[in-house]
Structure formats: structure tokens, C-alpha cells
Amino acid sequence: MRGNRSGAGGKTGCRHPECAGAGKEYSCRAPGLAQELSARGEFRRVLQVLLNLIGNAIRYSPENSRIEVAIEEGLAGQAHSVHVTDEGPGLTEEEQRKVFERFERLGRSGDGGSGLGLYISHRLAAAMGGELSVSSIKGQGARFTLSLPAFSN
Ligand SMILES: Nc1ncnc2c1ncn2[C@@H]1O[C@H](COP(=O)(O)OP(=O)(O)O)[C@@H](O)[C@H]1O
Ligand SMILES: [Mg+2]
């Protein structure tokens, strides 16, 4: 996991197929590569988790809203985090407690989702010695955070 400590980054149009298909446009503020933070994880599994989080943010957010991917350096250098923040419907406290359970869709149906993405991502994060968590206020967007152990040589 590498990225800009300040969280500043470029603004790009999203090429995700769901955006194109629905005629949606999103702004993604992804971190740059000017500075680096290193964390321990299996590259493809980290990618899988981040794709799931970003895919959810795209799928469950309204048109013309902002999705932000930001990297945060951990306190005392123990773990670093990637935050995926959106301006979608958000989750109640009860929904936040249930959202990592298998096949949990929080009442949605008929859109091709399986309710397994966050369950699998949560387990992958734990398997790598990290954590996947959510914070949200219903109606004010959601923030999913993947934390992984810091890597030091
Ligand atoms: N960023 C988000 N904002 C609001 N709700 C979300 C978000 N991400 C996931 N959810 C809710 O959590 C459920 C489970 O997500 P996930 O495990 O990825 O399965 P799926 O996307 O296939 O439904 C979704 O169906 C949706 O109701
Ligand atoms: Mg999903």
C-alpha cells in the first residue's frame, strides 16, 4: 500500500462500467505517489478489498457525488489505513453492525448484488492482520476503512 501522506490528489472522471452504463459521473480524489507509506498485505487481496469498497461507493451513491480514497498514516506507525468515503445514503448503527455478515444486503434485492463482498473483504482484512470497519451517519454518506499492519524493514 503506497500513497501520498497528505491525501491530496488528482481529480479524475470514473471509467467504472456501472458509471458508464448508468450515465453517471463521479469524481475520485485518489492519493498521489509522491510520498510512500508501506503496509503489510497480499497485493491481490488488498486490491480485491479496495475494488469492492470503491465499487460499492459507486453503486450505492447518487449521481454527481464525490467519492474519496485517502491514505492515513497510523499512530505510532503500527498500522496504516485506506479510507473510501462517499456521499451516498449511509448506514444506521444497526446496519453498520450487520453489514459484514454473509449475504447481508440491508434490504436490497434485484440488482445483481450478492451481499458477500463486504463479508469476504472483512475476512481478508483480518487474515492479513488488519481490519475493515465502517463509520457513517445515516443520510450523510459512509466511510469504509481498511487498516493493515505497517511494514518496516
Ligand atoms: N458505500 C455504501 N453505502 C451504503 N450502503 C452500502 C455501501 N456499501 C455497501 N452497502 C450496503 O451493504 C450491503 C452489502 O454490501 P456487499 O457485501 O458489498 O454486497 P453487495 O454489494 O453485493 O450487495 C449492500 O447491499 C448495501 O446495502
Ligand atoms: Mg458489493
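# Briefing: a predicted chain with one ligand site

Phe103 sits in the loop between helix H3 (93–98) and helix H4. Helices (H or I, at least four residues) and strands (E, at least two) are DSSP runs, numbered from the N terminus. This is a predicted model, in which local features need pLDDT of at least 70, side-chain atom pairs count only at pLDDT 80 or more, and totals for chains, interfaces and linings use all residues. Residues are numbered from 1 along each chain as its sequence is written, while chains are lettered from A and ligands numbered from 1 in the order in which they are written.

**Overall layout**

- The chain contains four helices and six strands.
- Of the 153 residues in the chain, 27% are buried; a residue is buried if 20 or more other C-beta atoms lie within 10 Å of its own, exposed if 12 or fewer, and partly exposed in between, with C-beta atoms placed from the backbone.
- Among contacts with a separation of 6 or more, 64% link residues 24 or more positions apart; two residues are in contact if their C-beta atoms, placed from the backbone, lie within 7 Å.

**Confidence**

- The average pLDDT of the chain is 85, and 76% of the residues score at least 70; pLDDT is the predictor's confidence in each residue, from 0 to 100.
- Residues 1–12 have a pLDDT under 50 throughout, and the model gives this stretch 38 contacts beyond four places in sequence.

- Most residues other than glycine have a negative phi.
- Phe103 is not a glycine, yet its phi is positive, at about 60°.
- Phe103 counts as exposed because 9 other C-beta atoms lie within 10 Å.
- Leu106 lies in the loop between H3 and H4 as well, and although not a glycine, Leu106 has a positive phi of about 55°.
- Leu106 is partly exposed, since 15 other C-beta atoms lie within 10 Å.

**The shell around ligand 1**

- Ligand 1 is surrounded by 21 residues, of which the closest are Asn56, Leu106, Gly113, Gly117 and Leu118; a residue is near a molecule if its C-beta atom, placed from the backbone, lies within 6 Å of it.
- Two helices, H2 (43–60) and H4 (117–127), each supply at least two residues of this shell.
- H2 gives the most, with four residues.
- By type, the shell has 10 nonpolar, seven polar and four charged residues; Ala, Val, Leu, Ile, Met, Phe, Trp, Tyr, Cys and Pro count as nonpolar, Asp, Glu, Lys and Arg as charged, and the others, Gly among them, as polar.

**Helix H2**

- H2 has 18 residues and, at 1.5 Å a residue, should span 26 Å; its end C-alpha atoms are 26 Å apart, so the two values agree. The expected span is 1.5 Å times one less than the number of residues.
- The buried residues of H2 are Val46, Val49, Asn52, Leu53, Ile54, Asn56, Ala57 and Ile58.

**Paired strands**

- Strands E3 (residues 66–72) and E4 (residues 79–85) run antiparallel and are joined by five bridges; two strands pair if DSSP finds at least two bridges between them.
- Across this pair, Glu68 is bridged to Thr85 of E4, and Ala70 to His83 of E4.
- E3 and E4 make a hairpin with six residues between them, and Ala76 in the turn has a positive phi of about 60°.

- Ala79 belongs to strand E4 and is partly exposed, because 18 other C-beta atoms lie within 10 Å.
- Beyond four places in sequence, Ala79 is in contact with Gly74, Gly130, Ser147, Leu148, Pro149 and Ala150.
- Ala79 and Gly129 are separated by 50 residues in sequence, with their C-alpha atoms 9.7 Å apart.
- Ser135 is part of strand E5 and is classed as partly exposed because it has 14 C-beta neighbours inside 10 Å.
- Between Ser135 and Glu93, 42 residues apart in sequence, the C-alpha to C-alpha distance is 8.7 Å.
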